[in-house]
Amino acid sequence: MTGRVEATLAELGLTLPDVVPPLASYQPAVRSGVYVYTAGQLPMVDGKLPLTGKVGGEVTPDEAKKLARICALNALAAVKSVAGDLDRIARVVKVTGFVASAADFTGQPAVLNGASELLGEVLGDKGVHARSAVGVAVLPLDAPVEVEIQVELVQD
């Protein structure tokens with residue numbers, strides 16, 4: 001049976017992907033009490049990065065914003081892997097996004113809006129969160145964007 005959150009994803013034409021396997025020694029998500037913390041999620045689609053490179057260089061800001069949206073979808077899959085059901089999300093507490101940036105690129109917040117907007121579309125008011133948008137020199141696999149989220153679950 002599909003929950004409300006996954007039904008909303010379907011209405012948006014989205015499918016929750018399989019959890020992206022870790023690239024090293026870590027778990028995609030861990031639960032501590034009522035909180036779930038995800039590892040940084042790359043914009044992997046079917047095991048591959050659709051684009052690589054620096055935002056403001058090889059990757060346009062619009063392309064990067066779409067990739068941030070994929071990162072958020074992958075983060076929701078990681079949350080579900082430990083929470084069991086996305087309907088258990090009480091709220092998204094924090095989003096941290098990293099943007100591999102060309103030296104003169106300063107539009108990291110606009111890129112991360114892709115992740116924030118997806119969470120709002122899917123979770124409504126529960127998707128409103130605090131956020132950090134950080135420009136970095138390089139990300140794993142030469143990914144343009146990486147996103148991690150922290151969510152609070154409804155009390156058991």
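## About the model

This is a predicted model, in which local features need pLDDT of at least 70 and side-chain atom pairs count only at pLDDT 80 or more, while totals for chains, interfaces and linings use all residues. Residues are numbered from 1 along each chain as its sequence is written, and side-chain values use heavy atoms, leaving out hydrogens and water.

## Where two helices cross

Let's begin with a pair of helices. Helices (H or I, at least four residues) and strands (E, at least two) are DSSP runs, numbered from the N terminus. Two packed helices are described by the angle between their axes and the distance between the axes. Here, helix α1 (residues 4-11) and helix α3 (residues 108-123) have axes that come within 8 Å and cross at roughly 115 degrees. The axes are lines fitted to C-alpha atoms, for helices over the stretch in contact, and angles run from 0 to 180 degrees between N-to-C directions.

On the α1 side, V5, T8 and L9 meet E121, V122 and L123 of α3, where contact means heavy atoms within 4.5 Å. By class, this contact of α1 with α3 has four nonpolar, one polar and one charged residues. Ala, Val, Leu, Ile, Met, Phe, Trp, Tyr, Cys and Pro count as nonpolar, Asp, Glu, Lys and Arg as charged, and the others, Gly among them, as polar.

## Salt bridges across the chain

Side chains of opposite charge can pair when their charged atoms come close. A salt bridge is a side-chain nitrogen of Lys or Arg within 4 Å of a carboxyl oxygen of Asp or Glu, and by this rule the count comes to four. One of them joins the side chains of K80 and E6, at 2.7 Å from N to O. K80 lies in helix α2 (residues 61-83) and E6 in helix α1, so the pair ties together parts that are 74 residues apart in sequence.

Another salt bridge links E117 with K65, their closest N and O atoms being 3.3 Å apart. E117 belongs to helix α3 and K65 to helix α2, so this pair ties together parts that are 52 residues apart in sequence. E117 is partly exposed at 34% relative accessible area, and K65 is partly exposed at 29%.

Note on methods
Buried means under 20% relative accessible area, exposed over 50%, partly exposed in between (1.4 Å probe, protein chains only).
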